[in-house]
Amino acid sequence: MTETLETAIWKETPSPDDPFQASHCYCHGYDVHEDLLPNASWFEVLFLLLAGKRPTPAEASLLERVAIISMNPGTRDLGVRAAMNAGVGRAPAGSVLVAAISAGAGQFGGAREVSLAMRLWSENRGAASFDLSCPAEDERSEWPRLEHVPGFDPHARSASAMVLTSIERLAEGSDGGFLVWLREHREALEAVAGAPVSMTGVLAAAYCELGFSAAIAEYASLILRLPGAAAHALEQRELGWRTFPFHSDVVRPQQPTPPQHDLPDITAAVKEYVGDTK
Amino acid sequence: MTPSELEQLRRCYPTRAGFAELSERSVFGEHDLHHTLKDLSWFELNLYGITGRRFSPVQVRVLNYVWLQTSYADVRIWPNRIVALAGSARTTPLLALVGGLASCDAELFVATPLVRCLATLRRLREKVRAGDSLETLLQAELDQGRTVYGFGRPIASVDERVPHLVMFLRDLDADRGECFRLAFRIEAFLLEAKQIRMNIAALLAAVCADLGFDEVQMHLFSSLLVFAGMPPCYLDAKRVPPGGVLPLRCDDVRYTGVSPRKW
């Protein structure tokens, strides 16, 4: 191989007798096993890996609290439900999490919405009046057309208690940043949006406060929502398909259905097959 | 693998998949995609990629029907529901389909049942060919408490796909395969011994075994088995507002854990 793969994040030095075996790994310059392992926390290292710099204690703490909120979007979350569907069918762990990401990546309650809401918060913080018009349509985009204002819950009448609590708790360590801004302007923003702030909007403010780009936050959102998907998929795998809702009484065809045919009678054919070798 | 073997592969990766000489041509397996293979249907090309073989028109119709008759466009079916939920979350069409497809590696549907059925049928076929009694072999399986994969449907429950597949094959005079007929002999034995019928997986695997599929080829072929039912479910999800697919209230979830407590 004459080409090389380029990275500024990760360095591996080879073992003296085996060029395919790494003896030391460095994450943004820090020895992972000799330095970070004994001295750093998981959220400090996660911040370092994603953002490329060592976090302050306040930043690591905020990321950890974001992770606590994100870890389980709940059994009714679309990504967790997708994971449970795969889990109850006894799909492999990897397939379960792919299903979780598939539905958890969306722009309604998912990672994409977090990144879109960050854009709105960044554009509106400090503005004299709020403009929450959706980002301009991009005809080349693979994403569906936006149907609600990112960061707000189009189906709710008021912000839920847990959303309000999360804003308060996350803003406790904020030094006048995005979280304090959201807390202070929430009602005015909701009036413009015509909908209450959602947890996605709160998380978006926290990622803005952490200084993450929208792209990094989208990845972090996906990663941090997976523990709940795993736990609930494992539970449904154990409970089994008999207790898992099939929604049999809910789904109704909206178009005329064709006339029903009798099943083919294969009795004679089966007799022939069974007696075939006798 | 030793470091020197890894080094050899680092320097030269031998491929039989094909080779794309960009701006010039694309070799698919042993053939030029844009010339020799250009008149194949996409389905035939996929079969060639999986097996390295070409199939007769009747065989292609049979395998096409295997995919067609298992593609149910019902949002309640698990892989479809994943696609619909992803659509409801307004993810991209491809991401939604990938989520549904990933779940098809499940033990209870699509890939695993088919692969296990095919392995069982091939194993039994070899032993019957060698002169063993099928009934004795099956009794031994039951005595050891083993599952005969593909057979476990309650006697009163009919899988509607079975009679449709049988008639499709009969109409094409394609119902003479060894594993196909073996599957019905197994069912006859298990109906008497345990009052259980075959699932469609047994018959689909039998068809594929008779067409020479091995376990890996079965797994690859089954990856898109139910795919055609998925796009309608994504589109369905887009017809209702975001979050509108089978919405759940808090009290639709029955909590069975410990009561709220302090950390």
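In this predicted model, the side chains of Arg112(A) and Glu218(A) meet in a salt bridge, at 3.7 Å from N to O. A salt bridge here is a side-chain nitrogen of Lys or Arg within 4 Å of a carboxyl oxygen of Asp or Glu. In general, side chains of opposite charge can pair when their charged atoms come close. Arg112(A) belongs to helix H6 of chain A and Glu218(A) to helix H10 (residues 214-224) of chain A, so the pair ties together parts that are 106 residues apart in sequence. Helices (H or I, at least four residues) and strands (E, at least two) are DSSP runs, numbered from the N terminus. Glu218(A) is buried, with a relative accessible area of 18%, whereas Arg112(A) is partly exposed at 23%. Buried means under 20% relative accessible area, exposed means over 50%, and partly exposed is in between (1.4 Å probe, protein chains only).

A word on the conventions: residues are numbered from 1 along each chain as its sequence is written, while chains are lettered from A and ligands numbered from 1 in the order in which they are written. Local features need pLDDT of at least 70, side-chain atom pairs count only at pLDDT 80 or more, totals for chains, interfaces and linings use all residues, and side-chain values use heavy atoms, with hydrogens and water left out.

Other salt bridges sit within a single helix. Glu123(A) and Arg119(A) pair at 3.7 Å, N to O; being four residues apart in helix H6 of chain A, they are separated by about one helical turn. In chain B, Asp236(B) and Arg239(B) pair at 2.8 Å, N to O. Both of these residues lie in helix H12 (residues 230-239) of chain B, three residues apart, about one turn of the helix. Asp236(B) is partly exposed at 41% relative accessibility, and Arg239(B) is exposed at 62%. Salt bridges also link Glu272(A), Arg170(B), Asp175(B) and Arg181(B) in a network. Over all chains, the count comes to 30 salt bridges.

Next, look at the backbone. Most residues other than glycine have a negative phi. Arg90(A), however, has a positive phi near 60 degrees, and its place is in the loop between helix H4 (78-88) and helix H5 (93-104) of chain A. Gln195(B) also has a positive phi, near 55 degrees, in the loop between helix H9 (178-194) and strand E5 (196-198) of chain B.

Now turn to the second largest pocket, which holds about 1,500 Å³ of space. Of the 44 residues that line this pocket, the closest to its centre are Leu108(B), Phe109(B), Arg153(B), Arg161(B) and Asn199(B). On a 1 Å grid over the protein atoms alone, a pocket is an open set of points where a 1.4 Å probe fits, with protein on both sides within 12 Å along at least five of seven lines; lining residues have an atom within 4 Å of a point. The volume is the space filled by probe spheres set on the points, which are joined across faces, edges and corners. Among the elements that give two or more residues to the lining of the second largest pocket is helix H10 (200-210) of chain B. H10(B) is mostly covered, with ten of its eleven residues buried; among them are Ile200(B), Leu203(B) and Cys208(B). Just after H10(B), Gly212(B) takes a positive phi of about 90 degrees.
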